[in-house]
Amino acid sequence: MTTAVGSMPLAAFDLETTGVDPANDRIVSAHLARIVINEHGTADMSGRNWILNPDMEIPVSASKVHGITTEHAREHGQDYSAGYAEIRSALDKAWADGFIVVVFNAPFDLTMMHAQGVRLGHAELAPGAVFDPLVIDKAMDQFRSGKRTLTTQCQHYGVKLDNAHEAKADAVAAARLAWKMLRGYDFTTATVEQIMECQTRWYAEQQENFARYLRKTARSITEPDEDGRSVDEQKANLLARADGITVDWPIRLSLGQRSAA
């Protein structure tokens with residue numbers, strides 16, 4: 001992996017799911033886009049959408065985010081196992097074909113892919129080159145206030161996001177962010193090994209800092225909150241969140257392994 005990342009074609013990947021737990025939730029939709037610069041210097045984009053039947057109820061809260069209801073998934077979705085196999089094959093092939101795959105908040109999407117694959121009898125997910133705009137942005141612009149969602153990042157970097165929380169729109173917007181960050185932060189000459197090592201280290205530091213913040217906040221609580229939770233309840237909640245933070249990137253292996261049990 002000594003290739004400079006600036007010379008690699010980009011692919012972009014995104015999942016929408018029934019929830020955030022890789023052990024118990026399921027994939028609802030996915031998109032993988034491939035972007036190649038043609039001989040005229042413009043980008044040619046090709047992609048594939050998937051909608052899967054997750055074989056479980058899609059919570060209303062999740063449907064409100066991505067717009068796919070249980071009824072729609074049952075009527076239009078592929079068989080879950082077959083659909084997963086197609087998504088996995090396309091993702092693995094992108095890496096095999098030399099693409100750097102852009103995944104916004106990679107530990108969510110790739111842990112879900114890893115855990116669901118193990119559950120269905122596939123080999124463990126073995127990622128190739130990954131570019132995570134969330135990790136990069138937090139590392140390169142540490143003191144910017146406000147949220148770091150895909151929507152807010154697109155606003156900050158002047159990137160078009162057509163339909164937030166739709167898999168294709170999110171994947172394409174993440175690719176646009178990556179293109180800007182690679183050049184704006186002068187990563188084009190970095191090797192794959194360098195960019196992967198940096199993201200792994202930066203993510204661990206970001207997670208550890210967040211855990212310290214939660215513990216510090218817990219120590220500062222001195223009275224019940226507006227919901228009536230006692231001081232001890234608030235502290236216990238924050239400390240549990242801090243203890244549950246993982247530092248693995250791009251796959252939260254502890255969660256992926258637990259989900260396969």
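Student: Which strand does Trp-50 lie in?

Tutor: Trp-50 lies in strand 3, where strands (E, at least two residues) and helices (H or I, at least four) are DSSP runs numbered from the N terminus. Keep in mind that this is a predicted model, in which local features need pLDDT of at least 70 and side-chain atom pairs count only at pLDDT 80 or more, while totals for chains, interfaces and linings use all residues. Residues are numbered from 1 along each chain as its sequence is written, and side-chain values use heavy atoms, with hydrogens and water left out.

Student: Okay, and is Trp-50 buried or exposed?

Tutor: Trp-50 is buried, since its relative accessible area is 3%; buried means under 20%, exposed over 50%, and partly exposed in between, with a 1.4 Å probe and protein chains only.

Student: What is Trp-50 in contact with?

Tutor: Leaving aside neighbours within four places in sequence, the contacts of Trp-50 (heavy atoms within 4.5 Å) include Val-28, Ala-30, His-31, Leu-32, Gln-78, Glu-86 and Ile-87.

Student: How many bridges join strand 2 to strand 3?

Tutor: Nine bridges join them, and the two strands run antiparallel; two strands count as paired if DSSP finds at least two bridges between them. Within this pairing, His-31 has Asn-49 of strand 3 as its bridge partner. The hairpin that strand 2 and strand 3 make has five residues between the strands, and there Gly-41 takes a positive phi near 80 degrees.

Student: What order do the strands of the sheet come in?

Tutor: The order is 3-2-1-4-5, in an open sheet of five strands with mixed pairing. Strand 3 (43–51) and strand 5 (130–131) are the edges, each pairing on one side only. Strand 1 (residues 10–17) is joined to strand 2 (residues 27–37) by eight bridges, and these two run antiparallel; Glu-16, for instance, has Ser-29 in strand 2 as its bridge partner.

Student: Which helix packs on the sheet?

Tutor: Helix 7 packs on the sheet, touching strand 1, strand 2, strand 3, strand 4 (100–102) and strand 5, and its direction makes about 140 degrees with that of strand 1. For that angle, axes are lines fitted to C-alpha atoms, for helices over the stretch in contact, and the values run from 0 to 180 degrees between N-to-C directions.

Student: Changing topic, which residues have the most contacts inside the largest nonpolar core?

Tutor: They are Phe-13, Leu-91, Leu-110, Met-113 and Phe-131, in a core of 60 residues, a nonpolar core being a set of buried Ala, Val, Leu, Ile, Met, Phe, Trp, Tyr and Cys residues joined through side-chain atoms within 4.5 Å. Helix 7 (residues 167–184) gives the most to this core, with eight residues. A second, separate core has eight residues, including Leu-214 and Ile-221.

Student: How much of helix 5 is buried?

Tutor: Helix 5 is mostly covered, with six of its eight residues buried, among them Leu-134, Ile-136 and Asp-137. What covers these buried residues includes strand 4, strand 5, helix 6, helix 7 and helix 8.

Student: Last one: which helix gives the most to the lining of the largest pocket?

Tutor: Helix 8 does, with eight residues, while strand 1, helix 1 (60–66), helix 4 (106–119), helix 5 (133–140) and helix 6 (150–157) are among the elements that each supply at least two.
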